[in-house]
Each structure stands twice: as structure tokens, then as C-alpha cells.
Amino acid sequence: MTKYVIQGGKPLHGEVEISGAKNAAVAILPAALLVDGVCRIENVPNISDVTMILDIMEELGAKIRRVNRTTVDVDCSKVYKQKVPHDLARQIRASYYLIGALLGRFGRAEVPPPGGCDLGVRPIDQHLKGFCAMGAEIQVENGFVYASAENGRLRGAQVYLDVVSVGAPGPTSSRSAGWSA
């Protein structure tokens with residue numbers, strides 16, 4: 001990392017390129033699964049969690065093309081798989097974003113719960129609660145979250161998220177949100 005030492009009294013001028021946010025990228029990329037065609041996503045940070053999400057999407061049948069260092073084209077027209085590989089998804093905390101994307105595309109999904117966290121299990125109860133409110137049936141067994149939507153379609157619903165979370169923002173709570181996502 002470059003270090004800048006500024007010795008006072010003079011205004012700063014210039015431009016700074018701001019890198020894309022990991023938490024935004026790992027949510028936006030799976031949303032491309034909902035499009036039966038090409039999505040260009042810009043300002044994508046070049047970090048391991050993003051690379052892993054892209055690898056998972058390729059395993060599902062997407063074609064990924066890096067346009068440049070921060071831009072990817074994601075073509076999901078050939079995506080046909082609804083089961084996310086266990087070995088890939090367990091390496092990242094953001095695997096739960098794939099549940100909603102696959103439910104929206106196919107009406108069903110098989111996704112391992114989040115991994116990749118040295119701080120322990122990362123609960124996704126708020127996400128599962130939301131999917132259930134929208135008509136999905138959820139089972140968690142054998143290292144996978146199995147989700148299916150009645151008639152293959154989720155329905156709109158009001159969802160109350162009772163804890164604050166990076167991946168499932170809800171109202172401010174007086175109790176600690178812990179490390180749930």
C-alpha cells in the first residue's frame with residue numbers, strides 16, 4: 001500500500017479511484033443469475049470472495065469474461081444447474097446470496113450454508129425467514145440448504161427482519177446482532 005505524507009497548509013488536488021465494495025459485489029454478481037443473457041458489472045474488486053462467486057457461477061453454467069481489471073461480463077443464458085458445489089461455496093461467507101438468485105431463476109436451490117469464517121458459524125436465519133414469507137419451503141440437512149418455491153415462483157410479501165445484518169439489513173435492534181448474515 002502506498003503511503004502519502006502531507007505536510008500542512010496547502011489544499012489537496014487530484015483524483016482518487018475508489019475500489020468497488022466486496023459486500024456489494026458478492027450480492028450483485030449472483031443477481032446476474034436472474035438475467036437470461038449478458039450483464040456487465042463494473043467496479044468489481046479483484047479479491048478472493050469475488051473470484052470464488054464467479055467460479056461458482058461458472059460451475060452453474062455461466063460464462064464469465066473479464067473485460068478489464070474491474071469489469072466483468074456475466075452471461076447466464078446457459079445456466080442450468082440449481083445445486084452449488086459444496087467445496088466452492090464453503091470457502092466463502094456470501095454463499096447465501098445464491099439461494100435467492102437460484103430460487104428466483106428456477107424456483108429451487110441447493111446451496112451449502114456460509115463458510116469461510118474463522119469466527120464460527122454464520123447464521124442465515126433472517127434470509128431463510130424471508131424466503132419462507134415469500135412462499136418457499138426450506139430444509140437444512142446434509143450440509144445444504146434446500147429451498148423450493150410453490151409452483152416454481154416466489155410471491156411478494158412483507159418481511160420483518162428483527163436483527164441488523166450486513167447481508168440482511170433490518171431495523172435497529174437493542175440487542176446485539178452478533179455475526180449473523
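Student: Across which strands does helix 2 lie?

Tutor: The model is a predicted one. Helix 2 covers residues 48–60 and runs at about 140° to strand 2. The strands across which helix 2 lies are strand 2 and strand 3.

Student: In what order are the 3 strands of that open sheet arranged?

Tutor: The pairing in this open sheet is antiparallel. Strand 1 (38–41) and strand 2 (63–68) are its edge strands, each pairing on one side only. Neighbouring strands are turned by 20° against each other on average, direction ignored. The order is therefore 1-3-2.

Student: What is the N to O distance in the salt bridge between Asp73 and Arg40?

Tutor: Side chains of opposite charge can pair when their charged atoms come close. Asp73 is buried, because its relative accessible area of 10% is under 20%, whereas Arg40 is partly exposed at 49%. Their side chains meet in a salt bridge with an N to O distance of 2.7 Å.

Student: How many residues apart in sequence are the parts tied together by Arg69 and Glu17?

Tutor: Arg69 forms a salt bridge with Glu17, and their closest N and O atoms are 3.6 Å apart. Arg69 belongs to the loop between strand 2 and strand 3 and Glu17 to the segment before helix 1, so the parts tied together are apart in sequence by 52 residues.

Student: Why is one side of strand 4 and of strand 5 left without a neighbour in the sheet?

Tutor: A second open sheet of 3 strands has antiparallel pairing and the order 4-6-5. Strand 4 (108–111) and strand 5 (136–141) stand at its edges, so one side of each lacks a neighbour, the reason being that each has a single partner strand.

Student: Which helix lies across strand 4, strand 5 and strand 6?

Tutor: Helix 5 (residues 125–133) lies across strand 5 and strand 6, at about 145° to strand 5. The helix that lies across strand 4, strand 5 and strand 6 spans residues 97–106 and runs at about 150° to strand 4. That helix is helix 4.

Student: With which residue does the side chain of Arg108 meet in a salt bridge?

Tutor: Strand 4 and strand 6 (residues 144–149) pair over 4 bridges, and in strand 6 the bridge partner of Arg108 is Ser148. Arg108 counts as partly exposed at 36% relative accessibility. Its salt-bridge partner, at 3.4 Å from N to O, counts as buried at 13% relative accessibility. That partner is Glu110.

Student: Is Asn142 buried or exposed?

Tutor: Asn142 is found in the loop between strand 5 and strand 6. Although not a glycine, Asn142 has a positive phi of about 55°. Its relative accessible area is 67%, which is over 50%, so Asn142 is exposed.

Student: What accessible area do Tyr4, Ile6 and Leu12 have together?

Tutor: Tyr4 lies in the segment before helix 1 (22–31) and counts as exposed at 69% relative accessibility. With Ile6 and Leu12, Tyr4 forms a nonpolar patch on the surface, and together their accessible area is about 420 Å².

Methods: Residues numbered from 1 in each chain as written. Predicted model: local features only at pLDDT ≥ 70, side-chain atom pairs only at ≥ 80, totals over all residues. Heavy atoms only, no water. Pairing = 2+ DSSP bridges. Helix = DSSP H or I, 4+ residues; strand = E, 2+ residues; numbered from the N terminus. Axes fitted to C-alpha atoms, helices over the stretch in contact; angles between N-to-C directions. Contact = heavy atoms within 4.5 Å. Patch = residues over 30% accessible without salt bridge, like charges linked within 9 Å, V, L, I, M, F, W, Y side chains within 5 Å. Areas by Shrake-Rupley, 256 points an atom, 1.4 Å probe, with all protein chains shown as cover. Salt bridge = Lys/Arg side-chain N within 4 Å of Asp/Glu carboxyl O. Buried < 20%, exposed > 50% of the residue type's maximum accessible area, 1.4 Å probe, protein only.
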